[in-house]
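Please keep the sequence and the coordinates at hand while reading.

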Amino acid sequence: MKKLYFITGSQDLYGEETLKQVATDSKEMVSFLDKEINKVEIVWKPTVRSSVEAEDVLIEASADKDCVGVITWMHTFSPAKMWIKGLQVLTKPLLHLHTQYNRALPYKSIDMDFMNLNQSAHGDREFGFICTRLGINREVVAGYYKNEGVLRRIQRFADVACAMNYSHNLKVAMFGNNMRDVAVTDGDRVESEIRFGWNVNYYGIGDFVALVDAVTDVEVEEKLKELLLKYEMATENLAAVKEQVKYIIAFEKFFAANDIGAFTDTFEDLHGLKQLPGLASQEMMSKGIGFGPEGDYKTSALMAVLCKMAEGRDGATAFLEDYTYDLTEGEELELASHMLEVSPVFAASKPEIQVHPLGIGGKADPARLVFDGIQGKGIAVSMIDMGTHFRLICADIELTKQPEEMPKLPVARVMWKILPDFAEGAERWIYAGGAHHAVVSTALTKEDIALFAKLTDTEVVFIG
Ligand code: MN
């Protein structure tokens with residue numbers, strides 16, 4: 001399990017008795033938080049009293065591969081020059097929790113000993129100054145630590161910190177490169193690794209074809225059984241479906257062997273494959289594997305990271321493409337989809353496996369999952385490369401039921417309302433340079449994206 005270190009600041013000035021009390025109190029708080037916060041273990045660390053101790057524990061946090069972030073809290077006053085060297089070596093996200101052990105003041109008994117023991121109002125301001133002076137992008141959460149709102153924000157920090165840790169180690173496989181001449185899906189892969197940790201590499205489609213060719217009939221039968229628990233067979237063309245099942249098995253083997261968490265493909269480079277991966281890409285996305293079509297590595301990696309962030313929450317998260325509109329005045333709707341690749345996490349009912357021709361790419365008719373989309377509040381998140389920096393664009397959307405059946409549309413579709421209204425939402429997206437590929441989530445909120453942007457020092461534009 002991933003960990004958050006909980007580090008309490010103090011100093012030697014107050015004597016042994018006070019420090020003993022600080023340790024007892026902070027242990028009790030950590031054991032409470034550990035019970036309340038999911039996905040990570042909150043680990044109590046001994047009270048920091050000096051510059052050396054601060055540096056030691058923050059070096060330890062930075063070096064510990066299972067530690068995804070640090071929570072600091074000043075129980076007493078803790079002069080902040082002692083935090084400088086530690087904060088300079090900290091490489092993990094920081095949450096500064098501005099709270100108290102006691103909720104209310106003991107008005108009848110309060111004396112100077114109590115004041116000296118419980119002075120985070122004082123000590124956390126001192127700590128905050130040095131973070132600001134050092135230019136540290138951190139999350140500050142103020143409030144009693146048992147308050148629901150405070151716990152929610154600590155949970156969000158844990159979710160984002162886990163996603164950042166995952167991002168740091170994420171490997172992305174590009175089968176084929178960026179679609180020829182397309183601008184917005186391209187980007188600086190070196191800068192992506194510097195900024196987000198994404199190790200993005202090109203793989204020849206031939207390596208994948210070799211794995212596809214090696215898949216056995218027994219493996220195909222087993223996988224097909226597994227798929228038919230989730231999906232409805234709605235085609236007689238079993239051979240086309242089995243071809244996609246081979247791709248699923250080959251993807252799983254390739255990703256496991258190369259430690260891959262996200263991938264791209266392109267219909268322009270499918271040499272040796274009979275079909276464009278449709279059902280196969282959809283199945284991969286449903287497992288939280290990032291996917292971006294047409295060589296869109298940024299959307300693919302972002303999808304994997306946001307799926308990690310959303311782990312443990314209700315809702316759906318995956319890639320989608322802006323496709324076409326219903327521009328009926330005042331009731332404008334967007335229809336999002338793709339040539340084939342829409343994740344079944346968006347399915348409102350059991351998806352059907354169908355086989356239809358594909359107009360682009362000159363390959364055999366591919367099998368794909370077809371379904372109508374879910375409803376609910378969501379966000380669409382796009383990442384673009386501005387040349388000097390990356391920009392996130394995050395728009396509020398309202399996923400809606402399609403007004404009518406679309407019996408001739410051979411792909412899965414999701415419909416939504418652009419917010420606050422069509423003109424403002426679409427115009428601002430276009431001014432911001434947002435792509436036609438995005439990661440859509442009904443599990444995450446703009447607050448999650450804001451925190452991710454802040455902690456990764458990424459520009460972000462909100463629309464909604
Ligand atoms: Mn596309």
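At what angle do helix H6 and helix H14 pack, and how far apart are their axes?

## Basis of the description

The model is predicted, so that local features need pLDDT of at least 70 and side-chain atom pairs count only at pLDDT 80 or more, whereas totals for chains, interfaces and linings use all residues. Residues are numbered from 1 along each chain as its sequence is written, and side-chain values use heavy atoms, with hydrogens and water left out.

## Helices H6 and H14

Helix H6 (residues 148–168) packs against helix H14 (residues 446–455) at an angle of about 55°, and their axes are 10 Å apart. Helices here are DSSP runs of H or I with at least four residues, strands are runs of E with at least two, and both are numbered from the N terminus; axes are lines fitted to C-alpha atoms, for helices over the stretch in contact, with angles running from 0 to 180 degrees between N-to-C directions. The angle makes H6 oblique to H14, a term for what remains once angles under 35 degrees are taken as roughly parallel, over 145 as roughly antiparallel and 65 to 115 as roughly perpendicular.

The crossing of H6 over H14 is right-handed, meaning that the near helix is turned clockwise from the far one by less than a right angle, with anticlockwise being left-handed. On the H6 side Arg156, Phe157, Val160 and Met164 take part, and they meet Glu447, Asp448, Leu451, Phe452 and Leu455 in H14, where contact means heavy atoms within 4.5 Å. These residues divide into six nonpolar, no polar and three charged; Ala, Val, Leu, Ile, Met, Phe, Trp, Tyr, Cys and Pro count as nonpolar, Asp, Glu, Lys and Arg as charged, and the others, Gly among them, as polar.

## Helix H10 and its partners

Helix H10 (residues 238–258) crosses helix H8 (residues 205–213) at roughly 120°, their axes coming within 8 Å, and H8 passes H10 in a right-handed crossing. Asp207, Phe208, Leu211 and Val212 of H8 make the contact with Lys246, Tyr247, Ala250, Phe251 and Phe254 of H10, a set with seven nonpolar, no polar and two charged residues.

H10 also packs with helix H11 (residues 279–286), at an angle of about 45° and with the axes 8 Å apart, which makes H10 oblique to H11. This crossing, too, is right-handed. Val241, Gln244, Tyr247, Ile248, Phe251, Glu252 and Phe255 of H10 are in contact with Leu279, Ala280, Glu283 and Met284 of H11, and by class the residues are eight nonpolar, one polar and two charged.

Glu294 lies in the loop between strand E10 (290–293) and helix H12 (297–310), and His338 in the loop between strand E12 (333–337) and strand E13 (352–355), so the pair ties together parts that are 44 residues apart in sequence. Glu294 and His338 are both buried, that is, under 20% relative accessible area, against over 50% for exposed and in between for partly exposed (1.4 Å probe, protein chains only).

## Individual residues and backbone features

Thr400, in strand E16 (residues 390–400), is buried with a relative accessible area of 14%. Leaving aside neighbours within four places in sequence, Thr400 is in contact with Leu333, Ile374, Gln375, Met415, Trp416 and Lys417. By contrast, Glu60 in helix H2 (residues 51–63) counts as partly exposed at 35% relative accessibility.

Most residues other than glycine have a negative phi, and most peptide bonds are trans. The peptide bond from Leu419 to Pro420 is cis, with omega near 0°, and Pro420 is found in the loop between strand E17 (414–418) and helix H13 (422–432). Asp259 has a positive phi, near 60°, and sits in the loop between H10 and strand E9 (262–265); Asp457 has a positive phi near 55° and is placed in the loop between H14 and strand E19 (459–463).
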